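Dear colleague,

Here is the structure for your files. My notes follow below it.

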Amino acid sequence: MMRDITLGQYYPVQSPVHKLDPRTKLFGTLVLIIALFVADNAYCYGAAAVFLFGTIAASKVPVGHILKGLKPVLFLLLFSAAFNLFLTPGEELVHFWIFTVTKEGLVRAGMMAIRLVFLVMGTSLLTFTTTPNQLTDGLERSLRFLNVLHVPVHEIAMIMSIALRFIPILVEETDKIMKAQMARGADFETGGLIKKAKAMIPLLVPLFISAFRRASDLALAMEARCYHGGEGRTKMKPLKYKTADRLAYLLLLAFPTGVVLLRVLL
């Protein structure tokens, strides 16, 4: 399960999506999220599927690699679908005990499941095609207008970048601790959900110690390099929009417009 967490991992490959400006990819992810929440019929979700899988194909990231990231959120996915399936009033299809399945609930549960799957795939694709440093620069430049309101944009972007960078590190550390404890007789595989949850408790103490130690080492390293925030700092690789980014923006503006038209007309 730990190896199935793909958020924060970068997939190094040469592709048109990898070469795009990080601001373009951040805007594209935001557009996808908005479009998925606007969509309310099969045509809208079809357009979202074409857009998402077309982008995945252009990124050259294997679809199976992206789908692997759905495993950690499978419980949330099933819970959300079941919640909508049984608690949505409408035309009754099946009734057993205290549960009633309606036509409207079935449709809403399916749309909710598709929406969550596409959301996870879209955000995973962002981190697969963008390094943490690029994400930091893209976020800082995109939110730079908030400096007028004295919002610490650079610090917020740095925190998010470090958090994303630490996800695969902590996953790897958790895997090592689990293997070490399994070699000493610990059992993480058998038993029910409650037993497995209790078996994970001994992992927390060494994992927290490791995380705090890494955070302390990072803080000392930043202080040793005279890091004092973003004031007066320059970029080694300044972000500049290219022709591909301008074309991508046109596509990103056309996509939500098409979704809105499909919702209104169909």
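Is arginine 23 buried or exposed? Arginine 23 is buried, with a relative accessible area of 9% (buried means under 20% relative accessible area, exposed over 50%, partly exposed in between, with a 1.4 Å probe and protein chains only).

This is a predicted model, in which local features need pLDDT of at least 70 and side-chain atom pairs count only at pLDDT 80 or more, while totals for chains, interfaces and linings use all residues. Residues are numbered from 1 along each chain as its sequence is written, and side-chain values use heavy atoms, leaving out hydrogens and water.

Salt bridges

The whole structure has five salt bridges (a side-chain nitrogen of Lys or Arg within 4 Å of a carboxyl oxygen of Asp or Glu). One of them joins arginine 23 to aspartate 21, with the closest N and O atoms 2.9 Å apart. Aspartate 21 is also buried, at 5% relative accessibility.

Another pairs glutamate 172 with lysine 176 at 3.8 Å between the closest N and O atoms; both lie in helix α8, four residues apart (helices are DSSP runs of H or I, at least four residues, numbered from the N terminus). Lysine 179 and aspartate 175 meet at 3.5 Å, N to O. Lysine 179 is partly exposed at 45%, whereas aspartate 175 is buried at 18%.

Isoleucine 177

Helix α8 (residues 153-183) also holds isoleucine 177, which is buried with a relative accessible area of 12%. Not counting residues up to four places away in sequence, isoleucine 177 touches Leu203, Pro206 and Leu207 (contact means heavy atoms within 4.5 Å).

Regards

Methods: Helices (H or I, at least four residues) and strands (E, at least two) are DSSP runs, numbered from the N terminus.
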